[in-house]
Amino acid sequence: MTRSPGGDFVTSAETLVHGLLGASAARHPGRTALVCEGRAFTFADVDTASDRVACALQHGGLARGDRAAVLAANVAEVVVAVFGVMKAGGVAVPLSPLTKPKKLAGMLSDCAVEALIAGPASADLVGEAAPNVPSLAQVIWTGPPPAGAPPGRTFEEILAGPHASPRDPLLVDHDLCAIIYTSGSTARPKGVMLTHRNLVNTTWA
């Protein structure tokens, strides 16, 4: 048990970003955590769904410290994906679906992305960029991908499976949890590295 920057006692799990979600799901499972396009999701909904995504990522080979990009519009699945990446022990790399193929391939290669979670609307973009990213080993689609899209599992398939908790990746608060790329409007985009401690302290603040 430790103290937050605000002086409250928190569990060791709550020193990790996804630990905050787990704690909220345990305390208030039925409360609304997220509303998107008229759909409401409880803390338990988001926690359970992100567990399943984390298990799928681990099954595909994602390990502690591996990078997983999230390329989709601002939809509920992005929230689930980001928490899923962190629960699997990975580092979330959120990217805009408006990114040009060459620039996208450059960022994916720069941080050696191992997994890519993408919206079906980005299928053409992924298809053009993915062959230029040798580290990319798995793709997960947030919705049914169009014909000819790079192969991968879908959220529908993953979320329909039985619930299981992901393996504990043994993270500590100094581990990276996210890499945020600069716009690169005047130079090559640069990845800003954030640790779990960075984001948890910001949340408490």
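Predicted model: local features only at pLDDT ≥ 70, side-chain atom pairs only at ≥ 80, totals over all residues.
Trainee: Is C177 buried or exposed?
Mentor: A residue counts as buried when its relative accessible area is under 20%. The relative accessibility of C177 is 0%, so C177 is buried.

Trainee: Where is E37 found, and what is its phi?
Mentor: Most residues other than glycine have a negative phi. E37 is not a glycine, yet its phi is positive. The residue is found in the loop between strand 3 (32-36) and strand 4 (39-42), and its phi is about 50°.

Trainee: Is E37 buried or exposed?
Mentor: The cut-off for an exposed residue is a relative accessible area over 50%. E37 has a relative accessibility of 68%, and therefore it counts as exposed.

Trainee: Which loop holds A112, and how accessible is this residue?
Mentor: A112 is a residue other than glycine with a positive phi, near 50°. Its place is in the loop between helix 4 (101-110) and strand 7 (113-118). Partly exposed residues lie between the buried limit of 20% and the exposed limit of 50%, and A112 is partly exposed because its relative accessible area is 43%.

Trainee: Which elements are included in what covers the buried residues of helix 1?
Mentor: Helix 1 spans residues 17-27, and its buried residues are V17, H18, G19, L20, L21, A23 and A25. Their cover includes helix 2 (43-59), helix 3 (76-87), strand 10 (176-181) and helix 7 (196-204).

Trainee: How are helix 1 and helix 7 oriented to each other?
Mentor: The axes of helix 1 and helix 7 are 8 Å apart, and the two helices pack at an angle of about 50°. Angles from 65 to 115 degrees count as roughly perpendicular and those under 35 as roughly parallel. Helix 1 and helix 7 are therefore oblique to each other.

Trainee: What residues meet between helix 1 and helix 7, and how do they divide by type?
Mentor: From helix 1, V17, H18 and L20 take part, and they meet H196, L199, V200, T203 and W204 of helix 7. The residues of this contact divide into five nonpolar, three polar and no charged.

Trainee: How is helix 1 oriented to helix 3?
Mentor: The axes of helix 1 and helix 3 come within 9 Å and cross at roughly 110°. Because angles of 65 to 115 degrees fall in one class, helix 1 is roughly perpendicular to helix 3.

Trainee: What handedness has the crossing of helix 1 and helix 3, and which residues make the contact?
Mentor: Helix 1 passes helix 3 in a left-handed crossing. The contact is made by V17, H18 and L21 on helix 1, together with F83, M86 and K87 on helix 3.

Trainee: At what angle do helix 2 and helix 3 pack, and what handedness has their crossing?
Mentor: The axes of helix 2 and helix 3 lie 7 Å apart, and the packing angle is about 55°. That angle makes helix 2 oblique to helix 3. Their crossing is right-handed.

Trainee: How do the residues of the contact of helix 2 with helix 3 divide?
Mentor: Helix 2 contributes residues including V46, D47, A49 and S50, while helix 3 contributes residues including V79, V80, F83 and K87. By type, the contact divides into nine nonpolar, three polar and three charged residues.

Trainee: Which residues does V139 touch beyond four places away in sequence?
Mentor: V139 is found in strand 8, and it counts as buried because its relative accessibility is 10%. Its C-alpha atom is separated by 9.4 Å from that of V126, 13 residues away along the chain. Leaving out residues up to four places away in sequence, V139 touches L116, P151, G152 and R153.

Trainee: What distance separates the C-alpha atoms of A130 and L116?
Mentor: A130 lies in the loop between helix 5 (123-129) and strand 8 (138-141), and it is buried, with a relative accessible area of 17%. A130 and L116 are 14 residues apart along the chain, and their C-alpha atoms are separated by 9.3 Å.

How values were computed. Residues numbered from 1 in each chain as written. Heavy atoms only, no water. Buried < 20%, exposed > 50% of the residue type's maximum accessible area, 1.4 Å probe, protein only. Helix = DSSP H or I, 4+ residues; strand = E, 2+ residues; numbered from the N terminus. Contact = heavy atoms within 4.5 Å. Axes fitted to C-alpha atoms, helices over the stretch in contact; angles between N-to-C directions. Parallel < 35°, antiparallel > 145°, perpendicular 65-115°, else oblique. Left-handed = near helix turned anticlockwise from the far one by under 90°. Nonpolar A, V, L, I, M, F, W, Y, C, P; charged D, E, K, R; others polar.
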